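Q: I am new to this structure and would like to learn how to read its features one at a time. Please show it first.

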Amino acid sequence: MLKEISQLKGVGPKRLEAFASMGITDGKDLLGAYPVSYQDRTNIRKIGELKAGDECLIEAVIARAARWYAPRTRSSVVDLTAVDDSGEIKLRFFSRPYIAGYARDGFTYKIYGKVTETRGKRLEMVQPDIARASDSDQEGILPFYRLPKGLSQKVMRNAVREMLDSLDESYETLPEGLLEKRHMAGCAFAVRNIHFPSSREAYAAARFRIVYEEMFLFAAGLGILSGRMEETAPVTTGIAFPHDDYTGEFQRSLGYELTDAQKRAVKEIEDDMESASQMQRLLQGDVGSGKTAVAASVLYKAAKDGCQGALMAPTELLASQHYEKFRKLFEPLGVRVGFLSGSQKLAEKREMKRLIADGRIDIVIGTHAVIQDDVEFSNLGLVITDEQHRFGVNQRVSLASKGASPDVLVMTATPIPRSLAVVIFAGMPVSILDELPAGRKPIITETFSKAERGRAYEKLGQAAAEGRQAYVVAPLVSDSEFIDAHSAESLAAEMSSKFPGVKVGLLHGAMKAAEKDAVMQDFAAGKIQILVSTVVIEVGIDVPNATIMLIENAERFGLAQMHQLRGRVGRGSQQSYCYLIVENDSGLGAERAQVLASTSDGFEIAERDLEMRGPGEFFGTRQHGIPELRIANPAKHGRILQMASEDAEALLREDPSLSDPQNAGVKAAVEKLYGRVPEENIGI
């Protein structure tokens, strides 16, 4: 039986709060907070054999100590001289004055750090870890964790060690048959050796087991939620729409030609709708590729064939834009369109729900309000969710359950890496829009260093002078003394000063929904020329006159996120530009910016983003219905993902509801990640 976090030595209210900020509320959470790196401190080196660049552990006696103040950096400095029987090395500590009292002459210490060389060719370590030789925390292969303020590595290690002492050796998540089939280590062994490896071989075995388990639970949970439980189960019977030319009729009414990719997608969806089985299809395409026209074509078919259609969007602003666009398209053709959102007045909502239930609304556009329990449809035949990654699987299920096996289309402008799509959309046919509509020009992306920032703003100012609009995106809402990055508030003030004749707007997530909507409406109407914002505009509305997307501190954004932001421009016939200002022009941030500047292929960008940052950061805060992968990375562990997915599918075919006692561990783990496992196939 694992201990409670509050029972651990040295864990009081403040540390409990720090653990909670990491999502750690019980023993399983703590043991599941895997290290992000390790230091091998199994081999003690002699000082005389060290050279610049070595990162190593030494055991030495402190011979001399000096403490002084550095005026240039305004910091205290402690210099120690450490000696062993082979030589000596200088240890330098900045802003750690307590070291002078801790490291005393004549005592032996274990010191771990990177060796550098001074101008005088003397060896030194700057800011090394130092502990008394008797301190076991400096021994072995040491784990390092990503921690919040209030928790030190030592506190975390001690907490994990104590929790491991209470770990039941018989505890197991996976069935014994799987362990034998894949020649995997047991759960207790894996957890112990992922935190404190007894050897490199033990670490490799533990890591394989944990990566496999994460992939397996990931695939099993998605398989259950999406209804992919039994390969032999009959295909769900759906609505067999009649064969007709309503999609062609609608396209001829548009006044412009769809791209070949759009026509192909419409035909694929139409064929699914006309089959006797329930459609479950994914429509993928970058921002601006024309998904809305495809959705409108098939919604028109559903309505003309006597069924209702529903489209759910993640934000009220986007839902409202869809409503206005569809109303203008459909009402001249005799198709009735309704709108439903949480902010509507009670009387409006009540009346709209009555019209929907009576079948007097053909197509319903709305937000999450569409899936409320009191919303009833007369004859729901087609369900579409826009920006599907922003909805939970359960939310999509709720909408689809409002009809008798309606056809389901999920749309996304966020390309899912192929390595993840294999699992997330396994068995779901995909239509891809890989062409831009006529008149759309590729967005030109340029990168600027901190020193070149002024040049980027000159270009922005020129566009504003010519009457065009621009987005300026910052990583922070307000200035922070802890984070060296631009904020939306300070940038809005800077823009107002820099461009006195230009109307500047401010938008961020801390604003109330009504305030955000008002700002976006003013921007769409041209009343605001430069909109300074955080990433809340990642999913926004069409503003064809916006031709500049300028991203400050681009190194702080993910590739997929910047690609989404870039997609906010390029909506009209004018040439559009994306300017990336990279303040720190080395490392991963600069590499991401170069990738974005070199390609507009969303799928390639998504793969590179996943590869660079790992799945936890790719998904960001845990998405509804998609748990964060803590250690597994589909971009790097493709072979294990395929293996685990095959095993998960095989297990679900044999035991769809995981009711077999040998699968109890899997069921408990899946429910912790996804919620309760249903007793039977629920479909989506």
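Q: Which residue forms a salt bridge with Asp-271?

A: Side chains of opposite charge can pair when their charged atoms come close. The rule used here asks for a side-chain nitrogen of Lys or Arg within 4 Å of a carboxyl oxygen of Asp or Glu. In this case Lys-267 is the partner of Asp-271, with the closest N and O atoms 2.9 Å apart. By this rule the count comes to 38 salt bridges.
This is a predicted model, in which local features need pLDDT of at least 70 and side-chain atom pairs count only at pLDDT 80 or more, while totals for chains, interfaces and linings use all residues. Residues are numbered from 1 along each chain as its sequence is written, and side-chain values use heavy atoms, with hydrogens and water left out.

Q: In which helix do Asp-271 and Lys-267 lie?

A: Helices (H or I, at least four residues) and strands (E, at least two) are DSSP runs, numbered from the N terminus. Both residues belong to helix 9 (residues 260-274), where they are four residues apart, about one turn of the helix.

Q: Which strands does helix 9 lie across?

A: Contact means heavy atoms within 4.5 Å. For directions, axes are lines fitted to C-alpha atoms, for helices over the stretch in contact, and angles run from 0 to 180 degrees between N-to-C directions. Helix 9 lies across strand 10 (280-285), strand 14, strand 15 (407-412) and strand 16, and runs at about 160° to strand 16.

Q: What is the order of the strands in the open sheet of seven strands?

A: Two strands pair if DSSP finds at least two bridges between them. The order here is 12-13-11-14-15-10-16, and the pairing is parallel. Strand 12 (337-340) and strand 16 (430-433) are at the edges with a single partner strand each, so one side of each has no neighbour in the sheet. From one strand to the next the twist averages 20°.
Inside this order, five bridges pair strand 11 (residues 308-312) with strand 14 (residues 380-385) in the parallel sense. Ala-310 stands opposite Val-383 in strand 14. Helix 12 (residues 346-357) lies across strand 11, strand 12 and strand 13 (363-366), at about 135° to strand 12.

Q: What is the order in the open sheet of six strands?

A: Reading across that sheet gives 17-22-21-18-20-19, with parallel pairing. Its edges are strand 17 (444-449) and strand 19 (504-507), and each has a single partner strand, so one side of each is left without a neighbour in the sheet. Strand 21 (residues 546-551) and strand 22 (residues 577-582) run parallel and are joined by four bridges. Met-549 stands opposite Cys-578 in strand 22.

Q: Which strands do helix 18 and helix 19 touch or lie across?

A: Helix 18 (residues 559-566) lies across strand 17, strand 18 (469-473), strand 21 and strand 22, running at about 155° to strand 21. Helix 19 (residues 588-598) packs on the sheet and touches strand 17 and strand 22, its direction making about 155° with that of strand 17.

Q: At what angle do the axes of helix 18 and helix 19 cross?

A: Angles under 35 degrees count as roughly parallel, over 145 as roughly antiparallel, 65 to 115 as roughly perpendicular and the rest as oblique. These two axes come within 10 Å and cross at roughly 45°, which means that helix 18 is oblique to helix 19. The contact is made by Leu-559, Met-562, His-563 and Arg-566 of helix 18 with Arg-592, Ala-593, Val-595 and Leu-596 of helix 19.

Q: How do helix 4 and helix 6 pack?

A: Helix 4 (residues 153-165) and helix 6 (residues 187-195) pack at an angle of about 160°, and their axes are 11 Å apart. Helix 4 is therefore roughly antiparallel to helix 6. Val-160, Leu-164 and Asp-165 in helix 4 meet Val-191, Arg-192 and His-195 in helix 6.

Q: Which residues does Thr-292 touch?

A: Thr-292 is in helix 10. Leaving aside residues up to four places away in sequence, Thr-292 touches His-322, Lys-325 and Phe-326.
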